[in-house]
Amino acid sequence: MASISKICLYKPFSLSFSGSVKDQTLLQRCNFPATCILREQVPLKNECRVFAQMPERTGTGVSAYLRETGTGENGDYARNDLDISHLISVLKFCGGEGCLEFGRTYHGLIAKTGLDGDEFVNTSLIDMYAKCGDIDSALMVFNQMPRLDVASCNCLISGYANCGLFEEAFRVFMNYESWGNRPNSYTYSSMLAICGILSAIEEGKQLHAQVVKMQYLSETAVSNALLTMYCKCEAMADAESLFERLPQRNIVSWTAIINGLYQHEGFEKAMRLFCLMRESGIEPNEYTFTIALASCGNMKNIDYCRLLHALVIKKGMALGEFVGTALIDMYSELRETDDAEKQFKEMGNLTSKVSRNALIKGLVQNGKANEALDAFTCASLPSFMSCQQIHAQVVKANFDKNTQVGSSLIEAYTRCGSVEDAEKVFSRISAPDVVSWNSVIKAYSQNGNPRRAISLFRRMIMKGFRPTGSTFLAVLSACSHSGKTQDGLEIFQSMINEFGVSPEEAHYSCMVDLLGRSGQIEKALDFINNTPIKPTASIWRPLLAACRCHNNLRIAEFAAKHILAIDPNDATVYVTLSNMYTEAGLLENAENQRELMKLKEITKEPGCSWIEVNNKIHKFFSRDRTHPESEKIYDKLKQIMMLIKGTAYSTNADSLQVKEDFCLYHSEKLAVCFGLISLAAGKPVRIFKNLRVCTDCHMFMNDNYRFHHFNEGGCSCGDYW
DNA sequence: CTAGGGTTAG
């Protein structure tokens, strides 16, 4: 066996390894928290499934044992109570599910009961740790073993491979001899897989020679690993001739070679082998179908594609994650995007990120960029990075001059607060339409450059475009924010008289804001009283905000009364009023007290204090995905993301400050926002201390705030944006 | 009683 240690490392094995998807999920799963292991009523799915899968062994089984004794603090263990084979099956389960903490608890139990001398138990422990990605613990158990056997070395090798530590895996392999062991067939399959990942064909060939010498070729796992190794090393001739000569072939062997051919664009050949396989009496499974569908799609043979699809449905595999995605891909390849979308829809909640990406790719490549953008849902979530990614793809697909695509991109960038990118996109649209103009005007109006919004509006009209209701909303809002009250009034008139656009609630709300902001409180009130529609809360609110800015307590009370008549749960009203009373020195005003009382009742309603919410966020973002509230919080987050639009992504968490009393009133919203901001800034979530908020409109205040701007100490409270 | 091999998008 001297030749084993002669295996040369032709390539540097200290590769940095970003990790396959599988490894990443594995590592993620390793963050599984150590929680409530023995309380079955707590819905922690993995732990509970351990119990659920345990065979019933009344009185002697580990689960029953643990249930009776608690976490094991009693310490009074009788060795007989533990069944080794049962223990091993639990460890195996932990490894498979990534339940590191659960496995650790078992390790403790094993150590306490003195079972850590058992060879099989130790091997299972090494494997459990290795599979959970905790290679240090695996190594610790390994080093403490009184005698090293092949199986434990093998576990260590696959553990290293799992973590991308291929050089270490090779080191273990070359030490077999010095430990008095000989590699067995398991060792070779693992090592060959590593060579495949590294494209290390020289090493793979040496291992091949060993395999032949040791007569392991008849073991399908070994020969399949060899096959895959050659395929991954681009040595298809070697792979094919090996496959021809294989003494034993199973479904995995067939899948390996078919996949190899597919990966090297031998689609026809892959399909020929697929047929041969079926003729030889082996039925394809999900793995094989996935590749066959992909090959078929690449061949653009629509009849065969439909045939395969039918077969897959017959076997009940059409909605599986892999096969389902392959079907989407196949139909995209055939340019049958309707079928691709149909497949995606049929998958319902079985769809994954991958299947969605497949659909999007298909739509983009088939010229359905708008549908693709819809599928992205990018415009609804302010993520600057995904906007850029989408934009890059759009440019690559040569859609950046397209009118509709461009407008969608402008909207997306606007939500992220990046007005520069929005304008860049606009300038590249070859034939901008009204929607494009509206989008770019809105971009400036909402992102701190109202003057530019107004000048773009004028240019738009000069170019002969007919402004719509949305155009006016953006422009009036811009006028309001830049103090151009007179312009705003004129534009509002021309909207009705010149362009025949009838104002809606949002326009009225905007006009109230325009008047109120300039200090014309009485005029704003007049305006409200003269609207042809019944004033809504959204129309009254900017008046209240204006009163707050300009210290008009009388009209503030009047506006507050109207808002509360419509929306009695609007806590902002109470906050604004109580602040105004306080500032007016009416601290002990009975009315103020009553408002505060009401306020408390309201803030109690949602059910949790800001500390509770903050704790929940804490748990959620410290990867405790099993927290029973995490789904709810996530939904809330998405909601809040919509609300605060691009702010989280365009502000610096450090420069934000919270007014603590306001936190108490609007705790939930703020806590969630803060969690989001910290997340966006790549910082751990902390209890919010340094966030400053406009006391009237809930929004964050900050000097270099791109999205939300302030003039003369006020802020742009209002509902219209 | 422990360990190994094949799949989807970007």
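Tutor: What follows starts at the DNA and moves on to the helices and their ring pairs.

This is a predicted model, in which local features need pLDDT of at least 70 and side-chain atom pairs count only at pLDDT 80 or more, while totals for chains, interfaces and linings use all residues. Residues are numbered from 1 along each chain as its sequence is written, chains are lettered from A and ligands numbered from 1 in the order in which they are written, and side-chain values use heavy atoms, with hydrogens and water left out.

DNA strand B is surrounded by 42 residues, each with a heavy atom within 4 Å of the strand. The closest are Asn-224, Asn-250, Asn-259, Asn-285 and Lys-361. Of the atoms of DNA strand B that come within 4 Å of the protein, 34% belong to sugar and phosphate.

An N or O atom in the side chain of Thr-290 is 3.0 Å from a base oxygen, and one in the side chain of Thr-325 is 3.4 Å from a base oxygen.

As for the protein itself, chain A has 39 helices and two strands, taken as DSSP runs (helices H or I, at least four residues; strands E, at least two) and numbered from the N terminus. Of its 721 residues, 50% count as buried, that is, under 20% relative accessible area with a 1.4 Å probe, protein chains only.

The whole structure holds 16 aromatic pairs, meaning rings of Phe, Tyr and Trp (its six-membered ring) with centres within 6.5 Å; planes over 60 degrees apart count as edge-to-face. One edge-to-face pair is Phe-457 with Phe-472, 5.7 Å centre to centre and 65 degrees between the planes. Phe-457 lies in helix H26 (residues 450–462) and Phe-472 in helix H27 (residues 469–481), so the pair ties together parts 15 residues apart in sequence. Phe-457 and Phe-472 are buried.

Phe-492 and Tyr-508 also pair edge-to-face, at 6.3 Å and 65 degrees. Here helix H28 (residues 485–497) holds Phe-492 and helix H29 (residues 505–517) holds Tyr-508, so parts 16 residues apart in sequence are tied together. Both residues, Phe-492 and Tyr-508, are buried.

Key: Polar contact = N/O pair within 3.5 Å; in protein donor to acceptor, adjacent residues only side chain to side chain. Phe/Tyr/Trp six-rings, centres within 6.5 Å; stacked < 30°, edge-to-face > 60°.
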